[in-house]
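Here is a briefing on one protein model. Please read it alongside the coordinates.

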Amino acid sequence: MRLSPIHVALSCLLLTACSDPPPGEESALDQRARKATEMRDTMQRPIDKAKTADDAQKKAAEDQRKALEDQGG
């Protein structure tokens, strides 16, 4: 069986398409995943900050109650 130049060209094209991208180049899927992670992190920061503030407020209130009880009130 003789391979025609078209078959060889198509085989090379398919092999090239199946290979990993060269180092330094990010695929479209990797770019979307990175952007989604950045967006998630950006949205999560204020939530984490609010949780920290809430925990600090609860601790301060508990410390204040404890101080009042220690003073006899």
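Predicted model: local features only at pLDDT ≥ 70, side-chain atom pairs only at ≥ 80, totals over all residues.

Residues are numbered from 1 along each chain as its sequence is written, and side-chain values use heavy atoms, with hydrogens and water left out.

The protein has two helices and zero strands. Of its 73 residues, 1% are buried.

**Overall make-up**

- Helices (H or I, at least four residues) and strands (E, at least two) are DSSP runs, numbered from the N terminus.
- Buried means under 20% relative accessible area, exposed means over 50%, and partly exposed lies in between (1.4 Å probe, protein chains only).
- Accessible areas come from the Shrake-Rupley method with a 1.4 Å probe; for residues, only the protein chains shown count as cover.

**Helix H2**

- Helix H2 covers residues 28-70.
- The 43 residues of H2 should span 63 Å at 1.5 Å a residue, and its end C-alpha atoms lie 62 Å apart, which agrees.
- That expected span is 1.5 Å times one less than the number of residues.
- H2 has a kink of about 30° at Gln 44, shortly before the proline Pro 46.
- The bend at a residue is the angle between axes fitted to the seven residues ending there and the seven starting there.
- Gly 72 follows H2 and has a positive phi, near 95°.

**Salt bridges**

- Side chains of opposite charge can pair when their charged atoms come close.
- A salt bridge here is a side-chain nitrogen of Lys or Arg within 4 Å of a carboxyl oxygen of Asp or Glu.
- The count by this rule is five.
- One of them joins Glu 38 and Arg 34, at 3.4 Å from N to O.
- Glu 38 and Arg 34 are four residues apart in H2, so about one helical turn separates them.
- Glu 38 is partly exposed at 42% relative accessible area, and Arg 34 is partly exposed at 36%.
- Lys 58 and Asp 54 also meet in a salt bridge, at 3.3 Å from N to O.
- Lys 58 and Asp 54 are four residues apart in H2, so they too are separated by about one helical turn.
- Asp 54 is partly exposed, at 34%.
- Arg 40 pairs with Asp 41, their closest N and O atoms being 3.1 Å apart.
- Arg 40 is exposed at 51%, whereas Asp 41 is partly exposed at 32%.

**Surface patch**

- Ile 6, Leu 10 and Leu 13 form a nonpolar surface patch, with about 330 Å² of accessible area together.
- Patches are made of residues with over 30% relative accessible area and no salt bridge; like charges are joined within 9 Å, nonpolar side chains (Val, Leu, Ile, Met, Phe, Trp, Tyr) within 5 Å.
- Ile 6 sits in helix H1, residues 5-18.
- Ile 6 is exposed, with a relative accessible area of 61%.
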